[in-house]
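Thanks for coming. I will walk through one chain, and then stop for comments.

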Amino acid sequence: MRGVIMYAPGDVRVEDREHPTILEPTDAIIRVSASCICGSDLWPYRGAEPVDHNPMGHEYVGVVTEIGHDVETVKVGDFVVGSFFASDNTCEICQAGYQSRCVHAELMGTIGTQAEFARIPLADGTLVATPGQPDADLIPSLLAASDVLGTGWFAAVAAEAGPGKTVAVVGDGAVGLLGILAARELGAERIIAMSRHADRQALAREFGATDIVEERGEEGVERIKELTDGMGAHSVIEAVGTQESMMQAIRATRPGGHVGYVGVSHDVSLDGLELFFSGIHLHGGPAPVRRFLPELIQLIWDRKIDPGQVFDLTLPLEDAAEGYKAMDERRATKVLLTL
Ligand SMILES: [Zn+2]
């Protein structure tokens, strides 16, 4: 089968990989219908994380082709969505809603779903079958649920977005944009998108943003305060993962407010005294996408939300290298790979 391998930073190739097989009785094999390139795949691409001939990809939707003896909740032929962490969905951590930290969690990125087939560990806990075979136009949205929608949704929940709340969103990548959509669905009154790109501002407005702030850093914080009677937002979504974005999120939050942080942290350090006097709640980490999958799949199936709009470039798997390049150069927000 064909699959993406990152040889080294900036060096992405599509080549023949071994066809996956059932290794554990709890495994399933899926034929991947669509995969995509994640903002987090850019960290190794840019040399910010080590990479050496790694299989790539952790977002996926597809059709089950084979199941292990112990798999009960999905069957061959089901169309399924899973998250970027395999999880048993039964341990105490999973039951509390934190499946990405399951005691048996396995990172799908090490398996690499930018490929024709993929082995899914802990299939019963990881995969959620759709109500039937989806229409082709639903596939991008279902794929978005696998990571960026689920992550944006968790960020909005962690930030306690809801009725009467003003929500500010730091980061206008796919996760930030879908955090806006989530905040709207959760009933937020006002949603401030922090973005300086016209095309992303337009999508932010379509997803529910009521205000746009183009300033960043301290100026961005000041603008949020001006828009909130000097107090700051009730809820702030942090969807970048840098020192600047994290401080922008913390400082834009009013005392007693909540930050939902889902940008993978790179070289962020927090000043204890500033955090102490901020009086805010910090809640985040790798999103437990599995918690939200049944609800998100239903919203997509009923065509109540259209998160697939974040994909602004679609390429065949064979052209994955061009997809990485386009995202690295910010010519594309999110690249869908067709199979
Ligand atoms: Zn678990």
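Helices and strands here are DSSP runs, H or I of at least four residues for helices and E of at least two for strands, numbered from the N terminus. By that rule E106 sits in strand 8, residues 106-107. Before going further, the provenance. The model is predicted, so to speak of local features we need pLDDT of at least 70, side-chain atom pairs count only at pLDDT 80 or more, and totals for chains, interfaces and linings use all residues. Residue numbers start from 1 along each chain as its sequence is written.

Back to E106. A residue is buried if 20 or more other C-beta atoms lie within 10 Å of its own, exposed if 12 or fewer, and partly exposed in between, with C-beta atoms placed from the backbone. E106 has 17 other C-beta atoms within 10 Å, so E106 is partly exposed. Contact is defined as two C-beta atoms, again placed from the backbone, within 7 Å. Not counting residues up to four places away in sequence, E106 touches F85, A86 and P121. T314 is 208 residues along the chain from E106, and their C-alpha atoms are separated by 28 Å.

Now the chain as a whole. There are twelve helices and 18 strands. The radius of gyration is taken over C-alpha atoms, and the globule rule is 2.2 Å times the number of residues to the power 0.38. For 339 residues a compact globule would come out near 20 Å, and the chain has 19 Å, which agrees. The C-alpha trace spans about 60 × 40 × 40 Å along its principal axes. Buried residues make up 52% of the 339. Of the contacts with a separation of 6 or more, 69% are between residues 24 or more positions apart.

Next, the sheet. Two strands pair if DSSP finds at least two bridges between them. An open sheet of six strands has the order 13-12-11-14-15-16, with parallel pairing. Strand 13 and strand 16 (281-284) are the edge strands, each pairing on one side only. From one strand to the next the twist averages 20 degrees, where axes are lines fitted to C-alpha atoms, for helices over the stretch in contact, and angles run from 0 to 180 degrees between N-to-C directions. Strands 12 and 13 run parallel and are joined by three bridges; I192 has D211 in strand 13 as its bridge partner.

Which residues of helix 8 are buried? In helix 8, residues 217-227, they are G220, V221, R223 and I224. They cover an arc of only 160 degrees around the axis, which puts them on the same side of the helix; the arc is that of the directions from the helix axis to the C-beta atoms. E218, E219 and E226 are exposed on the other side of helix 8. The buried residues of helix 8 pack against strands 11, 12, 13 and 14, and against helix 9 (243-251). After helix 8 comes D229, with a positive phi near 55 degrees.

Strand 17 (residues 313-316) and strand 18 (residues 335-338) run parallel, joined by four bridges. The chain passes between them through helix 12 (residues 320-328), a right-handed β-α-β crossover. Right-handed means that, with the strands pointing away from the viewer, the path from the first strand over the helix to the second runs clockwise. R330, in the loop between helix 12 and strand 18, has a positive phi of about 60 degrees although it is not a glycine.

That is the tour; comments, please.
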